[in-house]
Amino acid sequence: MNRKNLFGLTLAELKTELAPLPKFRAKQIAAHIYKHGMKTFDEMNDLPKNLRAELSTRYEIKIAELLKRLDSRDKLTTKFLLGLSDGAAVEVVLMRHDYGNSVCISSQVGCQMGCRFCASTLKGLERNLTAAEMLGEIFFAEEFLRGDGQKLDSVVIMGTGEPLMNYDELIKMLRLLHEDYCLGMSYRKITISTCGIVPAIKKLRDEKIPVTLSISLHVPDDKLRSALMPINSAFGLKSLLAAGDDYAQATGRRVTYEYILLGGVNDTEEHARRLAKILSGQLANVNLIPFNPVDERNFLPPTNNAVKKFFHFLNTHGIGATIRKEMGADVNAACGQLRAKIIAS
Ligand code: SAH
């Protein structure tokens, strides 16, 4: 008989699922699953033996299964390829920064957004991930760190997929992650990266969950942005920047604009000037990402000089900019690269 997976259920859902068991049992079980990372009912010493046996016949507690693990030479980045129950695979990247440990998770299997420079979208969208599967990615990293005597400090939803195209499951997962009976993660320690689904940014503003919003802007003019990022034809720069500004005002959280530097495409001083102009007056900063070459995509990384000049221009024209530290290039850390390789092989 197929056992139902309890991992990923909220306390309210557990209470309903486990009824007529008394509610305090659901609370105990939630704590065992989320606080203590238990994967079997046998470990739950405070439940009567016959209840443990009965639960084991009806339910399981399952997160994803490890298919492959890669560690960067400097040991700062670990990438996991996780297998899901239907055979799909997702990438999870653990990054050990000097300011703490962060996990980057995927929100979909594949992606339908079609950005020209990105490997994740090459084969289109397979399916959305469920809240339980996304939480499972985070738990996988958290348990891995715990085994190493460390802890998880922050979560970025910047792996494969467009999180705001999987809105309901994303919000369910974030609320669960934040619960005291789960990891109790502060919303401020969570970043969502989006290519710019404007109506969903507006909706997110009203959820009262002040996560950090990161917008993949990448190009400061509509024509070139639409050519590189098809979503721009639906929601152009004007509406995107207005939604970003509005999010910052409503939440008090500074919005990060990601800007991928593609050699000879969007990395000139003229682009930097235009970017500074369209962001002026916003509660925002810019994270410059030197393009990470992808075999299947015909773009070049920027020269070091171009990166430095772009960075300098922004910082001397009123826009706080940082350069993303390249992590784990030797473990194919750019979006979708490991998954693409494994699937192709
Ligand atoms: N769909 C979301 C999140 C996934 S992509 C979004 O668009 O933000 C995460 C970030 O990686 C985006 O900024 C994306 O543009 C960037 N990215 C994709 N391919 C890349 C590559 N080859 N090198 C560097 N950054 C890349």
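The model is predicted, with local features requiring pLDDT of at least 70 and side-chain atom pairs counted only at pLDDT 80 or more, while totals for chains, interfaces and linings use all residues. Residues are numbered from 1 along each chain as its sequence is written, and side-chain values use heavy atoms, with hydrogens and water left out.

The protein contains 12 helices and 14 strands (DSSP runs numbered from the N terminus: helices are H or I, at least four residues; strands are E, at least two). Its radius of gyration, 21 Å, is close to the 20 Å that the globule rule gives for 345 residues, so the protein is as compact as a globular protein of that length (the radius is taken over C-alpha atoms, and the rule is 2.2 Å times the number of residues to the power 0.38). Of the 345 residues, 54% are buried, meaning under 20% relative accessible area (1.4 Å probe, protein chains only).

The ligand is surrounded by 18 residues, the closest being E162, S193, S216, H218 and N292; a residue is near the ligand if one of its heavy atoms lies within 4 Å of it. By class, this shell has 9 nonpolar, 7 polar and 2 charged residues (Ala, Val, Leu, Ile, Met, Phe, Trp, Tyr, Cys and Pro count as nonpolar, Asp, Glu, Lys and Arg as charged, and the others, Gly among them, as polar). At least two residues of the shell come from each of β10 (190-194) and β12 (255-261).

A polar side-chain atom of S193 lies 2.6 Å from an oxygen atom of the ligand. A polar backbone atom of N292 is 2.9 Å from a nitrogen atom of the ligand.

Note on methods. A polar contact is a pair of N or O atoms within 3.5 Å; within protein, one must be able to donate a hydrogen and the other to accept it, and residues adjacent in sequence count only if both atoms are side-chain atoms. Buried means under 20% relative accessible area, exposed over 50%, partly exposed in between (1.4 Å probe, protein chains only).
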